[in-house]
Amino acid sequence: MSSLRVTSPPVDRGSSTLRDEKPSGVKITRALGGSSFTRGDPGKLASKANSKVTMSNIRKKVLLMGKSGSGKTSMRSVIFSNMLAQGTKTLGATIDVEHSHVRFLGNMVLNLWDCGGQEAFLDHYVSTQKDQIFSNVAILIYVFDATTASSSSEWEKDVQYFEECIEALRGNESSNGAGVWVLVNKMDLVGQGPEGSKEREEGRRQILKEKKEELEIRAREIAVSVEGRDTRPIRVYGTSIWDESLYKAWSSVIHTLIPNASLIRSHLTHLRNISSSIEAVLFERQTFLVLAKSGSEIDADEDELDEAEVQGGVKGLDRKRFEKVSEIIKGFRLDCLKSGEAFANWEARFKNATMAMDVLTSNTCLMLVASEPWVEPALLMFNIRQARKHFEELQGTSVSTPCLICKDHPECKYEVNEGQTEVEWGHG
Ligand SMILES: Nc1nc2c(ncn2[C@@H]2O[C@H](COP(=O)(O)OP(=O)(O)OP(=O)(O)O)[C@@H](O)[C@H]2O)c(=O)[nH]1
Ligand SMILES: [Mg+2]
C-alpha cells in the first residue's frame with residue numbers, strides 16, 4: 001500500500017468542490033495493482049463475508065430508448081463503463097439492440113437494453129419486436145434531446161414515438177408496475193448567456209419545465225387510455241453527460257430497484273448516529289451511483305430533514321454534493337488506473353467538516369461526514385470497517401448477525417443455525 005497526500009481535490013473538474021473552501025488536508029490511499037490483495041485487503045474481506053449469502057440472481061430489465069443521437073449509449077458508457085464524456089464523441093450509432101449486464105449489490109443484475117434510435121429500428125420495436133422488447137421490463141428510460149425545439153415537427157414526432165412506447169409497455173402484463181423515467185439530455189447545450197450565468201440557468205429551467213409538463217400530460221393520457229388510470233406517473237430529469245446531473249438521474253433510477261432500501265437506510269442512520277456524523281452515504285462501488293443515505297430520503301426537501309441533519313447543518317450543504325463526490329472519485333480512480341494502481345479509500349479534513357470513504361462491502365463504498373471538530377478521519381474509517389460484516393449480510397435478504405434494527409424490520413430474515421430454536425438479539 002502506498003499513501004498519497006494532496007492539498008487540493010484530486011481531479012480538476014471545474015465546479016467539483018463540495019463547499020467554497022479548500023480542504024485543509026486530503027488523504028487518498030491507493031493500493032498498488034499487483035500487490036493490493038494482501039492480508040486485510042478490504043475487497044477481499046468483503047467478498048469473504050459475502051460468500052455466506054447464497055442467493056439466486058435478481059434480474060432487472062432496463063430499456064434505454066429514444067431517437068438516434070439523443071445520448072443513450074453515451075450515458076450508458078459514462079455511467080457503467082468509466083468512459084469520459086469526451087470519449088463519447090467517437091461513438092457510432094447503435095445498430096438494433098445492444099445488451100449489457102451490470103452486477104449490482106451482490107445478487108442484483110441489471111440487463112440494459114440499449115435500443116438504437118434510428119427510424120428503421122424504432123418502427124420495429126413497436127410492431128414486429130413489440131412483445132420481445134416490452135416484456136418483463138422493470139424500468140423504461142426514454143431519452144429526449146433537449147436541443148430539439150418543442151415547437152418543431154421533429155419534437156412532435158419524438159413525443160409520438162414516446163407515446164407508442166408507453167402504450168406498448170403499459171399494455172404488456174409482464175411489465176406491470178414498470179417505472180418510466182424521462183431524461184431530457186444535452187441540457188448543457190441549451191439556454192442563452194454565458195455558462196454559469198443566472199440567465200442561462202433560468203433558460204434551462206424554463207425549457208425543462210415546458211418539456212416536463214407536456215410529457216407528463218401526454219404520458220398520463222396514454223396510461224389512462226390503456227389501463228383506465230395512471231398508476232405510475234413518469235419522472236422527468238434534465239441531464240448532461242458533462243456534469244453531475246447524469247449521476248443524480250441514474251442514482252434516482254437505481255435507488256428504486258434496491259429491494260431492501262428502507263432497511264439499509266435504517267442501518268445507515270444508526271451508523272451515522274453512533275459515529276457522531278451528520279451523513280452516511282452508500283455508493284455503488286463500480287459506478288459510484290448513490291444507492292442510499294442516512295436520515296431523510298435522497299431527494300428530500302429541506303423541511304423533510306431529520307433532527308440530526310437539521311442540527312448538523314445539512315440544510316446549508318450543496319444539494320449536488322453526492323454527485324460531485326461521485327464525479328471526483330471516478331475521475332481520480334481513472335487516474336489511478338493509468339498509473340497501474342487501484343483506488344482504495346479517501347479521507348479529507350475541511351474547516352467545518354471531516355469526511356472518510358472506504359469500501360463497505362464487495363459492491364459498495366460508504367462515506368461518513370462529520371461536522372464536530374473532535375471527530376478524526378481515523379474514527380470514521382474505523383466505524384466503516386466495523387460495520388462491514390453486517391452490511392454485507394444486508395445486501396442479501398437474510399442476516400446471521402442480528403441487531404436491534406433487523407429485529408423489528410419486515411424486510412429482514414434471519415439465518416438460524418441448525419439446532420438453534422431462538423435467535424439471540426444483539427447489536428450488529
Ligand atoms: N453536448 C452533449 N453531447 C452529448 C450528450 N450526450 C451525448 N452527446 C453526444 O451526442 C452524440 C450521440 O450520442 P450517442 O450516445 O451515440 O446517441 P444514441 O442515443 O446512442 O444514438 P443511437 O445509437 O443512434 O440511437 C455523441 O457525439 C455524444 O458525444 C450531452 O449530454 N451533451
Ligand atoms: Mg447508441
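Visitor: How many helices and strands does the secondary structure of the protein chain come to?
Guide: The coordinates examined here are those of a predicted model. In that model, the secondary structure of the protein chain amounts to 12 helices and 15 strands.

Visitor: What is the mean pLDDT of the protein chain?
Guide: The confidence can be given both as a share of residues and as an average. A pLDDT of 70 or more is reached by 82% of the residues. The mean pLDDT of the protein chain is 80.

Visitor: Over which residues does pLDDT stay under 50, with 46 contacts beyond four places in sequence?
Guide: Where pLDDT is low, the predicted coordinates should not be read in detail. One stretch with pLDDT below 50 is residues 420–428, which has 13 contacts beyond near neighbours in sequence. The stretch with 46 contacts beyond four places in sequence, where pLDDT stays under 50, is residues 30–55.

Visitor: What percentage of the contacts in the protein chain with a separation of 6 or more is between residues 24 or more positions apart?
Guide: Of the 428 residues of the protein chain, 40% count as buried. Among contacts with a separation of 6 or more, the share held by residues 24 or more positions apart is 67%.

Visitor: Which helix gives the most to the shell around ligand 1?
Guide: Ligand 1 is surrounded by 23 residues, and the closest are Ser-68, Gly-71, Ser-74, Thr-94 and Gly-117. By class, this shell has 14 polar, five nonpolar and four charged residues. With three residues, the element that gives the most to the shell is helix H2, residues 72–80.

Visitor: Is H2 largely enclosed by the rest of the structure or largely open, and how many of its nine residues are buried?
Guide: The buried residues of H2 are Lys-72, Thr-73, Ser-74, Met-75, Arg-76, Ser-77, Val-78 and Ile-79. Their cover includes strands E3 (58–65), E5 (108–115), E6 (137–145) and E7 (179–185), together with helix H7 (245–255). H2 is therefore largely enclosed by the rest of the structure, and the number of its nine residues that are buried is eight.

Visitor: Which residue just after H2 takes a positive phi?
Guide: The position in question directly follows H2, and its phi is about 55 degrees. The residue is Asn-82.

Visitor: Is Lys-186 buried or exposed?
Guide: Lys-186 lies in the loop between E7 and H6. Its phi is near 70 degrees, a positive value in a residue other than glycine. A residue is buried if 20 or more other C-beta atoms lie within 10 Å of its own. Lys-186 has 22 C-beta neighbours inside 10 Å, so it counts as buried.

Visitor: In which loop is Ser-276 found?
Guide: Ser-276 is not a glycine, although its phi is positive at about 50 degrees. With 18 other C-beta atoms within 10 Å, Ser-276 is partly exposed. Its place is the loop between helix H8 (261–274) and strand E9 (279–284).

Visitor: At roughly what angle do the axes of helix H5 and helix H6 cross?
Guide: Two packed helices are described by the angle between their axes and the distance between the axes. H5 passes H6 in a right-handed crossing. The axes of H5 (residues 153–170) and H6 (residues 198–227) come within 9 Å, and their crossing angle is roughly 35 degrees.

Visitor: How many nonpolar, polar and charged residues does the contact of H5 with H6 have?
Guide: On the H5 side, the contact is made by Val-159, Glu-163, Ile-166, Glu-167 and Arg-170. On the H6 side, it is made by Arg-218, Ala-219, Ile-222, Ala-223, Val-226 and Glu-227. By class, the contact has six nonpolar, no polar and five charged residues.

Visitor: How far apart in space are Leu-271 and Ala-387, C-alpha to C-alpha?
Guide: Leu-271 is placed in helix H8, and with 24 C-beta neighbours inside 10 Å it counts as buried. Leaving aside neighbours within four places in sequence, Leu-271 is in contact with Ala-280, Asn-383 and Ala-387. Leu-271 and Ala-387 are 116 residues apart in sequence, while their C-alpha separation is 7.8 Å.

Key. Residues numbered from 1 in each chain as written. Chains lettered and ligands numbered in written order. Predicted model: local features only at pLDDT ≥ 70, side-chain atom pairs only at ≥ 80, totals over all residues. Near = placed C-beta within 6 Å. Helix = DSSP H or I, 4+ residues; strand = E, 2+ residues; numbered from the N terminus. Nonpolar A, V, L, I, M, F, W, Y, C, P; charged D, E, K, R; others polar. Axes fitted to C-alpha atoms, helices over the stretch in contact; angles between N-to-C directions. Left-handed = near helix turned anticlockwise from the far one by under 90°. Contact = placed C-beta atoms within 7 Å. pLDDT = per-residue confidence, 0-100. Buried ≥ 20, exposed ≤ 12 C-beta atoms within 10 Å, placed from the backbone.
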